Amino acid sequence: MQARARNDLARMFAEELAKAGLEAEEIETFATPRRLGLIARALPLATAAFSEELKGPRSSAPPQALEGFLRKTGLTQDQLVDRDGVYFAVIDKPGQPSAAVLGGAVERIIRNFPWPKSMRWGAASASTSSLRWVRPLQGIVALFGDAIVPVEVEGVSSGASTVGHRFHHPGPITLGGASDYAEKLRACHVIVDADERAAIIRDRARALAGEAGLSLVEDEGLVAENAGLTEWPVPLLGRFDADYLDVPPEVIQLTARSNQKYFVLRDDSGALAPAFICTANIESSDGGAAIVAGNQRVLAARLSDARFFWEQDLKTPLDEQAKKLSEIVFHEKLGTVAERVGRIADLAEWLAIEAIVPGCDPDHARRAAELSKADLVTGMVGEFPELQGLIGGYLAEAQGEPKAVAEAVRDHYKPVGQGDDVPTAPVTVAVALADKLDTLRAFFGAGMPPTGSKDPFALRRAALGVIQIVTGNGLRLPIAAGDLLDFLADRLKVQQREAGVRHDLIDAVFALGGEDDLVRVLARVAALQSFVEGGEGANLLAGYKRAANILKKEGWDLPRVMADRGEQGMPQTGEEDPLAMVEEMPELVREMALGSALPADAPDAERALVAALDAAESGAKAAVEAEDFAAAMGALASLRGPIDAFFEAVTVNDADSAVRRRRLNILARFRDAVHGVADFSRIEG
């Protein structure tokens, strides 16, 4: 919250300066648990003078209009300028002292500050119009140079004094200005720079761990939290009873971190050590002994509670726990959690039986899926929801389940986010994939896809998880069709953007239709990107766009056999009247396979393009069927020279309608050959 407050303060102050026509050379912000500060450097002494012109009524307007304009501007009629029958008021506004502007700015910032959590206090809190602040506002320091800027908010007046550390220097400190702000507070045991406090915590915690022969479990989030809780951080090493180490280490770490903001340590073997590091906000006379003793007592009580839950959970088999899931509604439209577990088990087993997840034992997949949600009703997960899955894995291991099953129960929620590990163990892959697919299939099937920014059931995260598991493990899985496939395609574009894959190329592949194999999609996209970003691909793309534009302008398509019953045998010619060429039907039908036949006197460039198409079409098609997309691109690359030469030497819109039709057919063949690999019309550039 402190980092956000610093950003909000800088933003709001800059906005206030801009409104006043002021600009600072530099704005620096500070935050501690007890103060929020800003220093703006090189502010001008006064705002700039400026002149404002206001348009008034016409000189022929009724007197009441003129009187209203004069009241608004504070001028008299003889001070107005009559320009083409319209009055204008020119108002010169002199510059104002910056100090006068800053007072109002500080008051507005305090009154409108967007704390995510705030409070009212004292007698004034009876009114909803009273000030809200993160904690009761104790003082305001507002200085411009060495002069106090007058500000008063809810009875708190600005001054030049503040207070130091709560215990080391609780008395007032008089500040001379921005230049001595940080140093005077440091002298009074307040470090205003959050980064400096964080560095002290990080470095000293590492040093303490090293002195004890242990290593620190690094946690930058915890460093930032401790830096936000202290003004004079003093890391201290404490210990707890080693008997608690029989509790899962993640439970100990979470207990220490979440409840007490402690760092945990590891020994030489990498195991959790019975020691921790807390961060005091004071340099005590006993070297921190009393503080450490107090923290050890608190942590011992927390760990005792955790061990109680753990021992109770060990007494109940996971199968018994799983029965309770039938009493928990997953969603009113989607049944209970137990019903959802049943669906996941069926799907996980099917993924194994069909060898979609290679090397996966179907019995293990079903067993792991059946136990996967059982820990949701354990006491430990009830106390620490963050440990769902993990506790189930430990309990499965403790009751003698196969290792692959226990690991799948533990890791089936993965990947939780973009940076999380993607499962690779076959049983875990099957259960994790089934879990996420069931979520997507169930909510889309019930007509509840995410809308806008709202995603209450984390379907976007589930979709990203499916993509990561499928592509990370090279699974050949036909995902779905319709809205769900479109949804996955959008997530795929987001996920691949970070890998440098162009979204338009993914669109170009999906636009072919019928493609629901993510591994094949990405292989095709990778080959396509390599091709179009090379010289040959860029040239071919230019030729494609030129051909496509001509065909679009002419409304032309290659004759084809119609699929519909009523159309069978009737070629689509692109002519406005589908029967206009009925007399030429036999010839057109003959052309269906290869477009128009070439006469002996056809230009060389036209003949060369047709020959290239004859070779490239079959080569590209065979390569696509073999999923050798690089070879398919290579076959298309052979068309680059012939299509360039064709446009250079041949007139498409020949005066002879038969010649024109033949050449349009050739261009249509060229376009369709390219579309056999990707829809190039979706490619940008």
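Me: How many salt bridges does a search of the whole structure find?
Reply: Quick heads-up: this is a predicted model, where local features need pLDDT of at least 70, side-chain atom pairs count only at pLDDT 80 or more, and totals for chains, interfaces and linings use all residues. Residues are numbered from 1 along each chain as its sequence is written, and side-chain values use heavy atoms, with hydrogens and water left out. A salt bridge here is a side-chain nitrogen of Lys or Arg within 4 Å of a carboxyl oxygen of Asp or Glu. Searching the whole structure on that basis gives a count of 48.

Me: Which residue forms a salt bridge with K19?
Reply: Look in helix α1 (residues 2-20), which holds both partners, three residues apart, about one turn of the helix. (Helices are DSSP runs of H or I, at least four residues, and strands are runs of E, at least two, numbered from the N terminus.) The closest N and O atoms are 3.4 Å apart, and the partner of K19 is E16.

Me: Is E16 buried or exposed?
Reply: Buried means under 20% relative accessible area, exposed over 50%, and partly exposed in between, using a 1.4 Å probe and protein chains only. K19 has 63%, so K19 is exposed. E16 has a relative accessibility of 9%, so E16 is buried.

Me: Which helix holds E196, the salt-bridge partner of R186?
Reply: The closest N and O atoms of R186 and E196 are 2.7 Å apart. R186 sits in helix α4 (residues 181-187), and the pair ties together parts that are ten residues apart in sequence, because E196 lies in helix α5 (residues 194-211).

Me: Which residue's side chain makes a polar contact with T32?
Reply: T32 belongs to strand β1 (residues 26-32), and at 5% relative accessibility it counts as buried. A polar contact is a pair of N or O atoms within 3.5 Å; within protein, one must be able to donate a hydrogen and the other to accept it, and residues adjacent in sequence count only if both atoms are side-chain atoms. At 2.4 Å, the side chain joined to T32 is that of E231.

Me: In β10, what is the bridge partner of V141?
Reply: There's an open sheet of three strands with mixed pairing, in the order β6-β10-β9. Two strands pair if DSSP finds at least two bridges between them, and β6 and β10 (residues 156-159) pair in the parallel sense over two bridges. For V141, the bridge partner in β10 is G159.
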